[in-house]
Amino acid sequence: MKTRYFSNLTWQEFNELVPAETSTVILPVGTIEAHGVIPLGTDNIIPQDLAEYIAGKINALIAPPVNYGITSSLLPYPGSVTLEKETYKEMIYEIMSELARNNFRTIIVMNGHGGQVDELKEAALDTFKDTGARVIVVHWWILTYEWTKQFYKQMGGHAGIDETAAIMAIAPELVKPERYSESMPREYKKGIQSYPFAGPIILYKEGEGMPLFDEEKAKKFYIKARDIVLSEIKSILKSYKELNID
Ligand SMILES: [Zn+2]
């Protein structure tokens with residue numbers, strides 16, 4: 001298959017492929033949000049790269065990505081864009097339902113953004129209940145928490161060590177270490193909220209997860225992270241098959 005993005009196919013080609021050759025689709029989703037010294041579109045760049053890596057290995061097509069999402073505490077930072085939560089949830093639900101109507105049996109949502117985890121979960125369950133399609137939702141940075149801790153000996157963070165490493169591995173020219181300052185990272189504390197959040201790098205743990213601008217290390221981290229995501233998806237698909245959950 002030359003392309004995995006089904007928007008590059010004609011409707012006749014699509015008709016020949018789905019569902020005869022494949023009935024699995026990956027839907028990359030993210031948002032546009034300030035990310036320390038990495039791009040506003042970080043949460044789109046990473047899931048699209050993951051989708052491109054994984055699609056061929058599980059014989060899936062890739063749906064047109066949803067690049068707009070729910071941005072909240074970082075919204076005042078220039079270039080950040082958001083949708084209302086209800087709009088987003090409804091839109092994702094409608095897109096997934098349409099993918100199901102187009103004969104996809106398995107929909108894998110590849111999410112790059114923490115601010116919409118609940119809405120994606122709800123939309124996924126609703127889609128499953130209403131269409132019968134199997135929906136898998138992946139939040140890559142959560143799935144790789146343990147790997148981040150093991151590899152970098154610390155927790156990651158929004159625009160922190162893990163996300164910065166992923167962008168350094170995918171598109172190093174988009175990372176701007178010269179713009180980094182120590183006033184950017186701030187720990188998220190449950191006991192205090194501020195809008196806007198007082199730093200475009202949000203750490204999960206005090207003193208941990210600041211970006212590290214080491215490209216070689218970043219590649220090693222990301223290559224394994226991609227494989228963790230792939231193997232988790234494969235494991236679910238294998239169980240569906242073995243258990244005859246169709
Ligand atoms: Zn992000």
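Biologist: Which residues of helix α6 (residues 145–152) are called buried, and what makes them so?

Modeller: In this predicted model, they are Trp 147, Thr 148, Phe 151 and Tyr 152. Buried means under 20% relative accessible area, exposed over 50%, partly exposed in between (1.4 Å probe, protein chains only). Helices are DSSP runs of H or I of at least four residues, strands are runs of E of at least two, and both are numbered from the N terminus.

Biologist: Why do you say that the buried residues line one face of α6?

Modeller: Seen down the axis of α6, they fall within an arc of 100 degrees, so they line one face. The arc is that of the directions from the helix axis to the C-beta atoms. On the other side of α6, Glu 146 and Gln 150 are exposed.

Biologist: What do the buried residues of α6 pack against?

Modeller: They pack against α7 (161–170) and α8 (215–242), where contact means heavy atoms within 4.5 Å.

Biologist: What makes a set of residues a nonpolar core?

Modeller: Its members are buried Ala, Val, Leu, Ile, Met, Phe, Trp, Tyr and Cys residues joined through side-chain atoms within 4.5 Å. The largest such core has 42 residues, and Ile 58 is one of those that touch the most other members. α8 gives the largest share of this core, nine residues. A second, separate core of 25 residues includes Phe 6 and Val 109.

Biologist: How are the residues numbered, and which atoms do side-chain values use?

Modeller: Numbering starts from 1 along each chain as its sequence is written, and side-chain values use heavy atoms, with hydrogens and water left out. Local features need pLDDT of at least 70, side-chain atom pairs count only at pLDDT 80 or more, and totals for chains, interfaces and linings use all residues.
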